[in-house]
Amino acid sequence: MANPKIEIRVKDHGTMTAELYPQFAPKTVENFIKLAKESFFDGLIFHRVIRGFMIQGGGYSADFSHKDAPAIVGEFKANGFADNTLRHTRGVLSMARTNDPNSASSQFFVMHEDAPHLDGQYAAFGKLTDGYDVLDKIASARTGSLGFYMQDVPVETVEIETIAVIE
């Protein structure tokens, strides 16, 4: 059976296509697909952008209202999940979380460049198959801060139009 594929359409930037890997993080992939099919991500933003590291989205709208989803188990080695050996290389999708290893819900990040220090610490669950030019464009966004807790926020909104399951 083929791995699920998704399209991430980003307003004024283009489309990134990714393949999801349930063999590494089955509950994470199931949760992400469920949220995508419910149009959860539509209109949310990439709220954290660090060139040479990653772009993060899936939790805030353009006015920085937080949109929450139920937390899921963290499927990564440091949390006792040895099956996830997917490395945090350029284009890999992974789940954001707090210090609580089981706090991931809807926020995800896409690796702009390799970050081996994240391997085994976060639930990597997919990889871009197309749209690296879009990733680079987003990663090049000018950023600033929003209050005390939000750093690396794009000055111009980077909106996720939709995330759709395509296969």
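Reader: Against which strands do the buried residues of α2 pack?

Author: The buried residues of helix α2 pack against β1 (5-10), β2 (14-20), β3 (44-50), β4, β6 and β7 (124-130). Contact here means heavy atoms within 4.5 Å. Helices (H or I, at least four residues) and strands (E, at least two) are DSSP runs, numbered from the N terminus. The model is predicted: local features need pLDDT of at least 70 and side-chain atom pairs count only at pLDDT 80 or more, while totals for chains, interfaces and linings use all residues. Residues are numbered from 1 along each chain as its sequence is written, and side-chain values use heavy atoms, with hydrogens and water left out.

Reader: Which residues of α2 are buried?

Author: Buried means under 20% relative accessible area, exposed over 50% and partly exposed in between, with a 1.4 Å probe and protein chains only. In α2 (residues 132-139), the buried residues are Val134, Leu135, Ile138 and Ala139. These four cover an arc of only 135° around the axis, which puts them on the same side of α2; the arc is that of the directions from the helix axis to the C-beta atoms. An α-helix has 3.6 residues a turn, so residues three or four places apart point the same way.

Reader: How many aromatic pairs does the structure hold?

Author: A pair of aromatic rings is described by the distance of the centres and the angle of the planes. Rings of Phe, Tyr and Trp (its six-membered ring) pair if their centres lie within 6.5 Å; planes under 30 degrees apart count as stacked, over 60 as edge-to-face and the rest as tilted. The structure holds nine such pairs. One of them joins Phe32 and Phe108 edge-to-face, with 5.3 Å from centre to centre and 85° between the planes. Phe32 lies in helix α1 and Phe108 in strand β6 (residues 108-111), so the pair ties together parts that are 76 residues apart in sequence. Phe40 and Phe41 also form an edge-to-face pair, at 5.5 Å and 85°. One aromatic cluster is formed by Phe32, Phe40, Phe41, Phe46, Phe108 and Phe125.

Reader: Is Phe32 buried or exposed?

Author: Phe32 counts as buried, at 1% relative accessibility. Helix α1, where Phe32 has its place, spans residues 26-37. Not counting residues up to four places away in sequence, Phe32 touches Ile6, Leu20, Phe41, Phe108, Phe125 and Ile163.

Reader: Which residue lies over the face of Phe40?

Author: A charge sits over a ring if NZ of Lys or CZ of Arg is within 6 Å of the ring centre and within 35 degrees of the ring normal. Lys67 lies over Phe40, at 4.5 Å from the ring centre. Likewise, the charged end of Arg97 is placed over the ring of Tyr122, 4.4 Å from its centre.

Reader: What is the phi of Phe64?

Author: Most residues other than glycine have a negative phi. Phe64 has a positive value, near 65°. Its place is the loop between β4 (54-61) and β5 (92-95), and at 22% relative accessibility Phe64 is partly exposed. Asp152, in strand β9 (residues 150-154), has a positive phi near 60°.
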